[in-house]
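The sequence and structure come first, and the text follows.

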Amino acid sequence: MPADPRHASARASVPGTPEPGSTGTGPGRLIVAVYGVLALAATGRSILQISEYFGRAPVAYLLSALAAVVYIVATYALATDRRRLATAACSIELVGVLLVGAASFARSSAFPDKTVWSHFGSGYGYVPLVLPVVGLWWLRRSSLTHPA
């Protein structure tokens, strides 16, 4: 039985449902999944660090919490095709990992424990360094097939 076109158009108009060519489809699904995993990992790590060890390195642990928020926003924005928000989140992430990564080498005493962005994300296999570049690339690439 052929699909009723009314249902297809209704499905495409449901908020949060990615359309073909959107940031949450194709390879974008893998990117969203990686962002989601990092969001969970960064959130858990920052909660533990802030609740148990805050006095040891408050700035580093607050930056870890900021990273968690950025990952949550990026996950949401990429999954729901909110391109401007996703671009902002990926850009903030890239700047953050570069600045915090450099600072963690320059002032290692301020980063006694690994955080998400310290040492350019070495504690996470450098995924935090590579992921925003991949995210920004995907946003640009997918915009060629799906105008904003």
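What percentage of the 148 residues in the protein chain is buried? In this predicted model, buried residues make up 36% of the chain. The chain contains five helices and zero strands, and from the N terminus its elements run α-α-α-α-α. Among contacts with a separation of 6 or more, 65% join residues 24 or more positions apart. The accessible surface is about 8,300 Å², and carbon and sulfur atoms hold 69% of that surface.

The largest nonpolar core has 28 residues, and those touching the most other members are Ile31, Tyr35, Tyr71, Leu78, Val116 and Trp117. Two or more residues of this core come from each of α2, α3, α4 and α5. Helix α3 gives the largest share, nine residues. Leaving aside residues up to four places away in sequence, Ile31 touches Leu78, Leu131, Val134, Gly135 and Trp138.

Helix α3 covers residues 58–79. With 22 residues at 1.5 Å a residue, α3 should span 32 Å, and this agrees with its end C-alpha atoms, which are 32 Å apart. The buried residues of α3 include Ala60, Tyr61, Ser64, Tyr71 and Leu78. Asp81, which follows α3, has a positive phi, near 60°.

Terms used: Residues are numbered from 1 along each chain as its sequence is written. This is a predicted model: local features need pLDDT of at least 70, side-chain atom pairs count only at pLDDT 80 or more; totals for chains, interfaces and linings use all residues. Side-chain values use heavy atoms; hydrogens and water are left out. Helices (H or I, at least four residues) and strands (E, at least two) are DSSP runs, numbered from the N terminus. The expected span of a helix is 1.5 Å times one less than its number of residues. Buried means under 20% relative accessible area, exposed over 50%, partly exposed in between (1.4 Å probe, protein chains only). Contact means heavy atoms within 4.5 Å. Accessible areas come from the Shrake-Rupley method with a 1.4 Å probe; for residues, only the protein chains shown count as cover. A nonpolar core is a set of buried Ala, Val, Leu, Ile, Met, Phe, Trp, Tyr and Cys residues joined through side-chain atoms within 4.5 Å.
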